[in-house]
Amino acid sequence: PHESVVHTLGTLPVLNDHGSPIVAVTLNDKKAAMIIDTWAVFSSVSESLTKQYDMTRLSAYVPVNGVGGLVDASVYKVDKLGLGTGTTQDIALVGLPRTHGQINGIPIVGLFGGDFLTSYDVVFDLPAHKIDLYQLHGCPSPTPMWDGPVSKLRSSREGKTHIGLKLVLNNYKIDAILDSGSSATVVLPRQAHHAGVSEEQLATDISTKSRGIDLHSLSGHLHRFERLQIGDEVFPN
């Protein structure tokens with residue numbers, strides 16, 4: 001039998017009950033909060049908060065793809081990042097114009113993206129209001145710290161950081177990306193049409209708008225589908 005070795009690198013307290021998980025951190029020893037966003041390629045910070053948290057602006061620029069196209073973004077360095085029970089140093093964050101408000105009086109400074117998360121085995125335990133960062137070695141199970149029921153599904157690596165999944169929507173197979181930073185589950189209009197939703201049905205649905213990281217807005221419709229299947233799990237209505 002293989003010996004399972006689990007290194008715990010940090011436990012991030014989750015501050016909210018609904019929506020994208022917002023975790024408590026410290027930036028240069030000052031309290032802050034960040035959204036865990038598995039879709040974001042780069043971890044980012046609101047540029048308006050960089051001085052408040054004593055961040056150093058670097059000479060580098062990074063092209064970031066937003067709703068409105070490519071944006072050249074500045075890069076900032078955090079000397080010390082506190083991750084609940086762990087700390088790390090010299091973290092680079094991309095500066096973006098979007099702000100995220102506050103939670104419990106603490107500024108939500110930005111997003112933890114794939115550049116940071118792919119260094120760890122990340123366990124979202126949202127009922128317990130925590131996200132754990134591990135490094136696992138020689139474990140026969142992908143969840144050695146969990147002895148309850150498990151539902152597995154195949155995933156793929158889309159690019160360097162995105163996690164691709166296969167879903168079934170109204171019996172129609174679609175390719176999707178796991179996005180913990182999204183406030184809603186989103187499908188393209190052509191995917192909705194293949195799943196049996198007509199233009200006339202969409203026209204009677206509630207209209208919605210969302211903003212990208214570059215502040216451009218995107219229009220859509222809120223539609224209730226009959227059935228969504230993710231692995232062995234089925235979600236009606």
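## The second largest pocket

Three strands, β12 (155-158), β13 (162-169) and β14 (172-177), each contribute at least two residues to the lining of the second largest pocket. This pocket belongs to a predicted model, and the space inside the pocket amounts to about 200 Å³.

The residues that line the second largest pocket are Leu153, Arg154, Ser155, Ser156, Glu158, Gly164, Leu165, Lys166, Asp175, Ala176, Ile177 and Gly231. Sorted by class, the lining of this pocket consists of four nonpolar, four polar and four charged residues. Among the lining residues are Arg154, Glu158, Lys166 and Asp175, and these four residue types are counted as charged.

## Overall build of the chain

Three helices and 18 strands make up the secondary structure elements of the protein chain. Along the principal axes, the C-alpha atoms of the protein chain occupy a box of roughly 55 × 50 × 35 Å.

## Contacts, burial and surface

Contacts in the protein chain can be sorted by how far apart the two residues stand in the sequence.

Of the 237 residues of the protein chain, 35% count as buried. The accessible surface of the protein chain is about 14,500 Å², and carbon and sulfur atoms account for 52% of this surface.

## Two residues with positive phi

Asp54 is not a glycine, yet Asp54 has a positive phi of about 55 degrees. Asp54 is placed in the loop between β4 (44-46) and β5 (56-66). Is Asp54 buried, exposed or partly exposed? The relative accessibility of Asp54 is 44%, so Asp54 counts as partly exposed, since this class lies between the limits of 20% for buried and 50% for exposed.

His129 likewise is not a glycine and has a positive phi of about 55 degrees. The loop that holds His129 runs between β10 (121-125) and β11 (130-137). Because the relative accessibility of His129 is 31%, His129 counts as partly exposed.

Note on methods: Residues are numbered from 1 along each chain as its sequence is written. This is a predicted model: local features need pLDDT of at least 70, side-chain atom pairs count only at pLDDT 80 or more; totals for chains, interfaces and linings use all residues. Side-chain values use heavy atoms; hydrogens and water are left out. Helices (H or I, at least four residues) and strands (E, at least two) are DSSP runs, numbered from the N terminus. Buried means under 20% relative accessible area, exposed over 50%, partly exposed in between (1.4 Å probe, protein chains only). On a 1 Å grid over the protein atoms alone, a cavity is a set of points where a 1.4 Å probe fits but cannot get out, and a pocket is an open set with protein on both sides within 12 Å along at least five of seven lines; lining residues have an atom within 4 Å of a point. Grid points are joined across faces, edges and corners, and a volume is the space filled by probe spheres set on the points. Accessible areas come from the Shrake-Rupley method with a 1.4 Å probe; for residues, only the protein chains shown count as cover.
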